[in-house]
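Subject: Structure handover

Hello,

Here is the structure I promised to pass on. Please open it next to this email and follow along.

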Amino acid sequence: MSTTQRPEPMTIAHLNGEWKPLDQCLVPINTHALQYGTGCFEGLRAYWDGQRHNVLFLREHAERLHRNARLLLMRAPAVDDLIAIISECLRRNAGVLAGANVYIRPCLYKSGTSLGPVLLNVPDGFMCYAFRLGDYLDTSKGLNLCVSSWRRISDSAIPTRTKATGGYLNSALAKSEAVLNGYDEAIFLNDRGQVCEGSAENIFIVRDGRLHTPDRTADILEGITRRAVIDLAKRLGIACEERPIARTELYAADEVFLVGTGCQVSWVHAIDRRVVGTGQQGAITAAIQKAYEDGVYGRDPKCGSWLTPV
Ligand code: PMP
């Protein structure tokens, strides 16, 4: 997440079966994952409803981590065990995290110290920690985006759908370039030159009253928020097409917004200094953002299955 976000120093974290203060959760400098980026992770949010935390899409995140681990020849805890550890992480920190929205980071990593970039016969480790998190991107104003000069890694090079730790160097390069050049966030094109996603967000555009988003073969992460937004659009009677999107469609779009666990639903003011639509938040984006917020704060009974109270 954002470099300005610091984990709460007094939280209790999980590392390889033990619960300890975060600053005592340490790994050796020759850890395989540190040297080769051999890990995969999840990012979840838990929303404070005034009395308790409700974890958003808990099972979906646990299932994605479990599936991604298999793809990367790693062994994650069972889905129900992942759910139990993530919930326990919130419970153990209930005192310090009460009253705030929270971000939770479970991460599976190659904990061995052997030499050589191979996934076989290197032990797996697992960690989970949580910290307070407000907005990841500033949702109060429209975002200024750029199309990155860095291309998205191909799913056939580092599987983008796995949330592999090593793949986030690609995101870090794009985000850093964007910030250095005065933008809030970067949009990747994939190696076919099609619109792909942000450094840590999926993207939707509105053209002629319909939503469009890159399809699941476009080297994107199959975002859980993306899926929820597609479902919300259907419920709101807004057509949504998953298809290849050309770069110039970004400039021709009436509305553009980013979605993700971190950024939630964030509207876009301009891309490469070209104002999107009227330059204000569009009606479809506003409807999706409101429906999403009603869902995550438990105000919409139709989204009851999104939340797990802890
Ligand atoms: N794309 C990338 C590269 C991401 O890191 C994220 C954040 N997990 C997303 C998209 C959004 O995915 P989700 O909605 O599952 O958080």
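Where is the place of Gly43? Gly43 sits in the loop between strand 3 (39–41) and strand 4 (44–48). Keep in mind throughout that this is a predicted model.

**Gly43**

Gly43 counts as buried because its relative accessibility is 4%, and buried means under 20%. Ile104 is 61 residues away from Gly43 in sequence. In space, their C-alpha atoms are 5.7 Å apart. Leaving aside neighbours within four places in sequence, Gly43 is in contact with His61, Tyr103, Ile104, Lys163 and Thr261. Two of those names, Lys163 and Thr261, come back with the ligand.

**The ligand**

There are 15 residues around the ligand. Lys163, Tyr168, Glu197, Thr225 and Thr261 come nearest. Three of these have polar atoms worth checking on screen.

- Lys163: an N or O atom in its side chain is 2.7 Å from a nitrogen atom of the ligand.
- Thr225: a polar side-chain atom lies 2.6 Å from an oxygen atom of the ligand.
- Thr261: a polar side-chain atom lies 2.6 Å from an oxygen atom of the ligand.

**Cavities**

Next, the empty space. Rolling a probe the size of a water molecule over the atoms shows where such space is left. The structure holds three cavities of 30 Å³ or more. The largest cavity has a volume of about 50 Å³. Which residues line the largest cavity? They are Arg152, Ile153, Ile158, Pro159, Thr160, Thr162, Lys163, Ala164, Gly167, Tyr168 and Ser171. By class, that lining has five nonpolar, four polar and two charged residues. Lys163 and Tyr168 belong to this lining, and both are among the residues that come nearest to the ligand.

**Arg152**

Take Arg152 from that lining. Arg152 is in the loop between strand 8 (143–147) and helix 5 (168–180). Is Arg152 buried or exposed? Its relative accessibility is 6%, under the 20% limit, so Arg152 counts as buried. The side chain of Arg152 makes a polar contact of 2.8 Å with the side chain of Asn170. Beyond its neighbours within four places in sequence, Arg152 is in contact with several residues, including Thr160, Gly167, Ser171 and Glu197. Thr160, Gly167 and Ser171 also line the largest cavity. Glu197 is one of the residues that come nearest to the ligand.

**Leu71 and helix 2**

Now go to helix 2 (residues 58–71), where Leu71 is found. Leu71 has 46% relative accessibility, between the limits of 20% and 50%, so Leu71 counts as partly exposed. Leaving aside neighbours within four places in sequence, Leu71 is in contact with Pro159 and Thr162. Both Pro159 and Thr162 line the largest cavity. Leu71 and Arg161 are 90 residues apart along the chain. Their C-alpha atoms are separated by 9.8 Å.

**The second largest pocket**

Of the 13 residues that line the second largest pocket, Arg64, Arg67, Arg216, Glu222 and Ile224 are the closest to its centre. Helix 2 and helix 6 (224–236) each supply at least two residues of the lining. By class, the lining has two nonpolar, two polar and nine charged residues.

**Asn101**

Asn101 is in the loop between helix 4 (94–97) and strand 6 (102–110). Asn101 is buried because its relative accessible area is 17%, under the 20% limit. Which partners does its side chain reach? The side chain of Asn101 reaches the backbone nitrogen of Trp48 at 2.9 Å. A polar contact of 2.9 Å also joins the side chains of Asn101 and Tyr297.

**Two positive phi values**

Most residues other than glycine have a negative phi. Gln264 is not a glycine, yet its phi is positive, about 60°. Gln264 is in strand 15 (residues 264–271). With a relative accessible area of 13%, Gln264 is buried. Asp272 also has a positive phi, near 50°. Asp272 is found in the loop between strand 15 and strand 16 (274–275). With a relative accessible area of 15%, Asp272 is buried.

Best wishes

Definitions and conventions: Residues are numbered from 1 along each chain as its sequence is written. This is a predicted model: local features need pLDDT of at least 70, side-chain atom pairs count only at pLDDT 80 or more; totals for chains, interfaces and linings use all residues. Side-chain values use heavy atoms; hydrogens and water are left out. On a 1 Å grid over the protein atoms alone, a cavity is a set of points where a 1.4 Å probe fits but cannot get out, and a pocket is an open set with protein on both sides within 12 Å along at least five of seven lines; lining residues have an atom within 4 Å of a point. Grid points are joined across faces, edges and corners, and a volume is the space filled by probe spheres set on the points. Ala, Val, Leu, Ile, Met, Phe, Trp, Tyr, Cys and Pro count as nonpolar, Asp, Glu, Lys and Arg as charged, and the others, Gly among them, as polar. Helices (H or I, at least four residues) and strands (E, at least two) are DSSP runs, numbered from the N terminus. Buried means under 20% relative accessible area, exposed over 50%, partly exposed in between (1.4 Å probe, protein chains only). A polar contact is a pair of N or O atoms within 3.5 Å; within protein, one must be able to donate a hydrogen and the other to accept it, and residues adjacent in sequence count only if both atoms are side-chain atoms. Contact means heavy atoms within 4.5 Å. A residue is near a molecule or strand if one of its heavy atoms lies within 4 Å of it.
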